[in-house]
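Please look over the sequence and the structure first.

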Amino acid sequence: MSTAKSDQVADLIRTRPFTFLALMLIIPLFVTAPHVLLDSETPDGILIQPPAIHDPLGEGFILIILDGVGENWMLDEENMPLLNERRESGATLHLRTGPLTLSATCVSEIMNGVPNSPSDGLRNFNLEHPGGDDAWTLAAEGGVSSTNSPYNVGLVGSYVFGNMYGDMENLDFTDTFLGHADYYQGDEDTADVLYQWFENDSYNVIGAHFSGPDKVGHRWGTTGEKYAEKITHIDGLIDEVLDTVPENWTIIVTADHGMTKLGTHGSSQDVTREVAALVWGPQIIPGSHSEAHQRDIPALTIAVLDIPFPVQLHGQIPLDILDISAIERNELEKWNWQAAYERQIFLQSIDRPAATDISPDIIEWEKIPIDAEFTRFIDLLISASTWSLLAAAAILLVGMGFPKNIEERRVTSIFITVLTMMILSHAFIGYVTVLPRLIGAFSSIWIVWWTLNNHQKTSNKEDEIGNWINSMPDWWPWLAAALVLSFGSIRLWFTLIPLTWIIINQRFGNNKFQNNNEKIALSVLGFISLLGVIGVHERLVGEHWVLHLVQLGWPENSTNLLFSILILSITGPMYKYLTNEKEFRKEGIFTSIWLLLILFVNWLEISSIDILALLTILFIGFLGLLQRTNIFSDHRLNIKLPKELDIIALGGFLVLTWGAWSATITLLIISSIDVLMRTQWKWIALEKYNLTNPKPFIAAAVLPLVMWILWWTMLGQVNGLEAWALPHPRELDPGRIIVKGGYVGARDNPPTEWMTLLIALPLLLSSTAIVSKLRQRNLSLRPYALALSLQLVGCFATLAFAPPFPRLVFSLTWNIVFSIFQILAVLLSLSLESLYKKINEMNIKIVISD
Ligand SMILES: [Zn+2]
């Protein structure tokens, strides 16, 4: 490309960066994302009747699923002596799970044999039945096709069963889940339910899910005593249950997935995918062994119960362990094959990969692929092209074209190398899981350190690294920032580490302060971010201190009430002192009284009074918005209203929905921003950026991001470090969002839409208030919006590598969700601003025409 042409292209991108990024987004968004995230179709409702020669393989059936007990543990005679003692009298299946090793997805495959689509990983806490029939719905006559079933079906366990079968008729589900922090009681309860069922002859088809081992594993890992103790406990418990199972039943004891030493699972590692199934029954060959897939369990269940075979079930009956005649074995295999054959025909009909050269009469299992190949070549191609275009654009934008001198060549090669490393870290996440997390952590630390630290002081260090960096072209940070902000696995919480350091340094270093506000704002923000750095490591210290503070802000007992009254009493004057020093006493007291009043409403827990409070908040908020226009001013009303009524209203809304702590934090962060944008951070809004001075622009992109993650961390929503001080794989996790506020105004039975509104609205409005405050102090929101858009493109272009790695699907998707959320806040803030502008212009015209 000639220099003139490349300049033209660069100019075009420079003037329309959002259009450029939107174009980059289109293909990954419409080709890769649906493949990675959406459901695949299944031939639900088609059944193959069982062979006439075949009868049920026992008088009853029980399936026991242990959560998070890998084959390495289940077949270990030391840790599970009782279960292993029984192995000789039954069969052992060595199973391999699908690539998504989460509890709900694995339990789903154990029950119905339909392979999960990657988006099922996103629905782990709310995974519904895939539709169609399985052994359980057919046995219960609760399925699509009713059969004359001789069975009564009972399920006992956690929400995993509940989400799949809880609503179904003729199928009884008993919930024994006592939350994620219950390690023993829920399992004991499950066993008690089973004893009762056996005693009363309640059911002859039973599924039981014991979730304790998984929770112990998550909490303490699997290497220490805790997990081994729990495994011994579950061994004893299951042994007792097996003692009480009626005679001549078929029994399967298996696990959904294994666990890593760190106590994690979800990704496609062998240790999480290898599980065992122990099978006993009147027609099970004692001491037999067989290799199988986890989806063979539902096929076995169908054969044991002698009910029609659903075509959507991918499993293969493990015939080697069955004590049946050769003729019956043949018939069963033909039956099983017919279902597999029909499924391939169905897959062909909807243009999905399927075996084509098979016939209904010749059984050729090897031609049927076990796992759908999730990673597609086309997606990798799209990803590579997107990254190449982004890289080329970045190089053009810094005006480089073809690198001319040694410095330019050096920067280009560093840029390309780091970019390649970042992409490869995602592509090879199956081998080194922590690399993207570490790069994401380092990226966050660097970008804040470089942009916000020691702005005035120019480095005159003469050391080697200083020299080396000084010899780089001035525009190198543009490329570095682009790399960091487009990295899909960026770990925003890490920005708080340099932020804390910088703020504490500014507060206690030899700074000349313009006024007291500045000192207080730095102290407040320094304290908050320090708390955010140390108080969130649930997995390391066993407690989420910030979450405790959030909980203390719910007026549920006298301690909480006292804490809430205390912090809200301080919040009003403090917030007002920082934003409107002159009137801080009067307005501060007003603010605190208002917040305490809403706290009282929250304490009452009466829906009608909630509604009254919500309407008052709405009214005050609306007054606050009008206040920002010139429609009415104080002298028109003859009363002097406190300033920033909209923020005060938001504070009340937060007290009601998220509690006193969340309200306090939000008001203090907003007011500290107000002060610091007038003092310490003034340069970010004032200084002009250009090719050789990128700092003001990058700082303007980073500052709102840091303030947002600080606020979000203070709401107790961020996962800190996991074991061994590594970043947690799911830093931003909508699954953590506290839903308590959703009950406000409809405390007995809130509709889902109302709950969603009351949970999400305070968050969106707070985020909007934070960026609006920055905007009000003259910070351009364009760099921030560009950073978020770049993050979106980066995440979508990385999705291509994600399908076999559910944790990567999770973290990328959550980063996408949160980027979109923040973009919404920016758009809302900008729309309000332009609305005020229009109103003011109109109003001026009206005044003039008067
Ligand atoms: Zn788990």
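The model is predicted: local features need pLDDT of at least 70, side-chain atom pairs count only at pLDDT 80 or more, and totals for chains, interfaces and linings use all residues. Residues are numbered from 1 along each chain as its sequence is written, and side-chain values use heavy atoms, with hydrogens and water left out.

**Whole chain**

- The chain has 34 helices and twelve strands; helices (H or I, at least four residues) and strands (E, at least two) are DSSP runs, numbered from the N terminus.
- Its radius of gyration, taken over C-alpha atoms, is 31 Å, close to the 29 Å given by the globule rule for 850 residues, so the chain is as compact as a globular protein of that length. The rule is 2.2 Å times the number of residues to the power 0.38.
- The C-alpha trace spans about 95 × 70 × 60 Å along its principal axes.
- Of the 850 residues, 58% are buried, meaning under 20% relative accessible area (1.4 Å probe, protein chains only).
- Among contacts (heavy atoms within 4.5 Å) with a separation of 6 or more, 75% are between residues 24 or more positions apart.

- Strand S7 (residues 249–255) has seven of its seven residues buried, so it is largely enclosed by the rest of the structure.
- One side of S7 carries Trp-249, Ile-251, Val-253 and Ala-255, and the other carries Thr-250, Ile-252 and Thr-254; both faces are covered.
- Strand S2 (residues 60–66) pairs with S7 in the parallel sense over seven bridges, and Ile-62 stands opposite Ile-251. Pairing requires that DSSP finds at least two bridges between two strands.
- Strand S8 (residues 274–280) pairs with S7 in the antiparallel sense over four bridges, with Ile-252 opposite Val-279.

**Strands S4 and S5**

- Strand S4 (residues 153–157) and strand S5 (residues 171–175) run parallel and are joined by five bridges.
- Gly-157 stands opposite Asp-175 in S5.
- From S4 the chain passes through helix H8 (residues 159–165) to S5 in a right-handed β-α-β crossover: with the strands pointing away from the viewer, the path from the first strand over the helix to the second runs clockwise.

**Helix H23**

- In helix H23 (residues 545–552), the buried residues are Val-546, Leu-549 and Val-550.
- These buried residues fall within an arc of 100° seen down the axis of H23, so they line one face of the helix. The arc is that of the directions from the helix axis to the C-beta atoms.
- The buried residues of H23 pack against helices H21 (516–534), H24 (558–579), H29 (660–678) and H31 (695–714).

Key. Buried means under 20% relative accessible area, exposed over 50%, partly exposed in between (1.4 Å probe, protein chains only).
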